[in-house]
Amino acid sequence: MIEQQFFQMVQKKSYFRHHRKILLAISGGLDSMTLFDWLYKYREKLEVEILLAHINHGVRKESDFEEEELKKIAKKLGVKIFTSSFSGNFSENAARQFRYDFFEKVMQEEHYTALVTAHHADDQAETVFMRLLRGARLRHLSGMKAVQSFACGELIRPLFTFHKSDFPDIQHFEDSSNFQNDYLRNRIRNLYLPDLEKENPQFKDSLRYLGKEIEDWQTALSHLTRDLDIENVQVFHQQIPQVQRFLLQNYLENFSGMNLSKQQFEEVLNILRTKANYQHTLKKDYELVKDYQRFEIKKISRKPDLKMDSILLEFENLIEFGHYRFSFGIPLNGENIQKIFVSRETSLTLRFRKEGDSILLNDHHKKLRRLFIDKKVSFEERNSSVVVEQNHQILAILNIAISDLSKALKSDIMSTVLYIQKIDG
């Protein structure tokens with residue numbers, strides 16, 4: 001019998017090996033009622049406890065009746081059911097988001113580790129076709145995954161090897177809106193795929209196999225490139241363009257919700273290939289930061305890392321600023337002490353760089369911006385670089401350059417030393 005095939009398949013694929021409490025999303029349609037029937041029959045052998053979750057979308061007059069009937073069925077079988085009613089302006093995307101938000105809430109409150117849905121082979125074929133129509137990237141034509149992370153556990157779709165025509169005609173509710181062609185998925189199901197199946201009766205299976213093959217290729221390429229440090233610019237540039245494209249697509253999967261358009265993706269790829277030191281704002285408060293050695297995508301920081309922009313240092317005083325300890329004229333103990341010659345006659349200003357800053361080097365004033373480019377200083381180092389200023393003139397940029405003015409002070413009778421020590425952290 002077909003339910004025995006289902007049980008054997010679930011056991012073989014170990015879908016519930018790590019789960020004892022599963023939440024079943026139930027609409028009342030034939031697919032979800034069949035899945036409930038099969039899981040309920042084999043619940044003891046599978047060693048699972050079933051909880052039901054139902055959304056009343058309220059778009060049909062039968063919705064309230066069906067909700068009450070599902071509650072009666074659940075009570076009769078001794079299965080707990082949670083229900084919720086959709087609110088807001090109805091659309092496919094809004095309804096889907098509402099459903100999964102509700103499922104996640106129930107899972108967290110009831111401590112369930114698996115959400116199970118009744119998506120089957122026909123749904124998978126429709127999904128691949130829909131994404132193809134919408135011009136999705138190749139990696140997204142793989143369709144829905146049988147198992148993926150969700151909420152505090154996993155989302156499991158155990159019916160992908162079954163077509164809707166395989167399901168027995170058990171008690172269920174028929175959604176009349178499935179036969180209306182107002183939505184793209186309904187048009188695909190009711191119009192497009194039936195026409196294409198006249199040319200190829202196995203067209204749905206061909207779509208499924210295409211999605212599975214793409215998924216396998218993605219998995220294989222991810223496995224073969226798993227040891228590459230993609231954020232290393234040199235490593236990235238060593239790859240052929242096709243591998244660079246794949247690596248960047250894989251990397252972007254780490255930033256959920258960003259969803260770059262094809263044009264934005266090409267823009268990021270071009271930056272990585274051609275720009276040396278670059279900062280670029282992306283979607284969802286993310287930015288791409290690239291220097292000469294590495295790049296990364298990260299959340300845009302809304303707060304400065306350092307508490308003040310500048311500080312005054314008087315002779316024979318010691319202060320900490322910008323992750324450094326500064327001592328004006330009094331030697332510091334320890335290793336790796338940097339020394340800069342300064343005048344003891346006036347105070348020093350310690351600050352971060354400003355637009356238009358320049359420094360005297362080899363008898364020429366050089367803009368800090370050009371100096372950073374020539375020395376290939378990263379954005380992070382630029383933003384944290386400490387400028388030592390005296391009498392409104394720059395004497396040094398820590399760890400980057402020392403001005404001619406400071407060097408000239410070495411033999412001056414009124415000179416002294418500014419001692420600088422890096423603070424850990």
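In this predicted model, helix H6 (residues 121–133) and helix H8 (residues 203–224) pack with their axes 8 Å apart and at an angle of about 70 degrees. Because angles of 65 to 115 degrees count as roughly perpendicular, H6 is roughly perpendicular to H8.

**Helix H6 against helix H8**

- On the H6 side the contact is made by Ala 121, Asp 122, Gln 124, Ala 125, Val 128 and Phe 129, and on the H8 side by Phe 203, Lys 204, Leu 207, Arg 208 and Gly 211.
- Sorted by class, the contact of H6 with H8 has six nonpolar, two polar and three charged residues.
- Asn 200 is found in the loop between helix H7 (184–199) and H8, and it counts as partly exposed because its relative accessibility is 28%.
- The C-alpha atom of Asn 200 is separated by 18 Å from that of Leu 132, with the two residues 68 apart along the chain.

**Helix H10 against helix H11**

- The axes of helix H10 (residues 241–252) and helix H11 (residues 262–274) cross at roughly 120 degrees and come within 11 Å, and H10 and H11 are therefore oblique to each other.
- The crossing of H10 and H11 is right-handed.
- From H10, the residues Pro 241, Gln 244, Arg 245, Leu 248, Gln 249 and Leu 252 take part, meeting Phe 265, Glu 266, Val 268, Leu 269, Leu 272 and Arg 273 from H11.
- Seven nonpolar, two polar and three charged residues make up the contact of H10 with H11.
- Asn 259 counts as exposed because its relative accessibility is 60%, where the cut-off for exposed is over 50%.

**Helix H2 against helix H4**

- The axes of H2 and H4 cross at roughly 5 degrees and come within 13 Å, which makes H2 roughly parallel to H4.
- Met 33, Phe 36 and Tyr 40 of H2 form this contact together with Leu 70, Ile 73 and Leu 77 of H4.
- The contact of H2 with H4 has six nonpolar residues, with no polar and no charged residues.

**Nonpolar cores**

- The largest nonpolar core has 35 residues, and those with the most contacts inside it are Phe 6, Phe 16, Phe 36, Leu 39, Ile 50 and Leu 52.
- Two or more residues of this core are given by each of helix H1 (2–13), strand S1 (21–25), helix H2 (30–41), strand S2 (49–56), helix H4 (63–77) and strand S4 (114–116).
- H2 supplies seven residues, the largest share of this core.
- Phe 6 touches Leu 35, Trp 38, Leu 39, Pro 158, Leu 159 and Phe 162, when residues up to four places away in sequence are not counted.
- A second, separate core has 21 residues, including Val 233, Phe 236, Phe 246 and Tyr 251.

- Thr 225 is placed in the loop between H8 and helix H9 (233–238), and it counts as buried because its relative accessibility is 14%, where the cut-off for buried is under 20%.
- Not counting residues up to four places away in sequence, Thr 225 touches Phe 246 and Leu 247, and Phe 246 is also among the residues of the second core.
- Thr 416 is found in strand S20 (residues 415–422) and counts as buried because its relative accessibility is 11%.
- Leaving aside neighbours within four places in sequence, Thr 416 is in contact with Phe 315, Phe 328, Gly 329, Ile 340, Phe 341, Val 342, Ser 343 and Arg 344.
- The C-alpha atoms of Thr 416 and Phe 315 are separated by 9.3 Å, although these residues are 101 residues apart along the chain.

**Positive phi at Glu 316**

- Glu 316 lies in the loop between strand S10 (310–313) and strand S11 (318–321), and its phi is positive, at about 65 degrees, although Glu 316 is not a glycine.

Notes. Residues are numbered from 1 along each chain as its sequence is written. This is a predicted model: local features need pLDDT of at least 70, side-chain atom pairs count only at pLDDT 80 or more; totals for chains, interfaces and linings use all residues. Side-chain values use heavy atoms; hydrogens and water are left out. A nonpolar core is a set of buried Ala, Val, Leu, Ile, Met, Phe, Trp, Tyr and Cys residues joined through side-chain atoms within 4.5 Å. Buried means under 20% relative accessible area, exposed over 50%, partly exposed in between (1.4 Å probe, protein chains only). Helices (H or I, at least four residues) and strands (E, at least two) are DSSP runs, numbered from the N terminus. Contact means heavy atoms within 4.5 Å. Axes are lines fitted to C-alpha atoms, for helices over the stretch in contact, and angles run from 0 to 180 degrees between N-to-C directions. Angles under 35 degrees count as roughly parallel, over 145 as roughly antiparallel, 65 to 115 as roughly perpendicular and the rest as oblique. A crossing is left-handed if the near helix is turned anticlockwise from the far one by less than a right angle, and right-handed if clockwise. Ala, Val, Leu, Ile, Met, Phe, Trp, Tyr, Cys and Pro count as nonpolar, Asp, Glu, Lys and Arg as charged, and the others, Gly among them, as polar.
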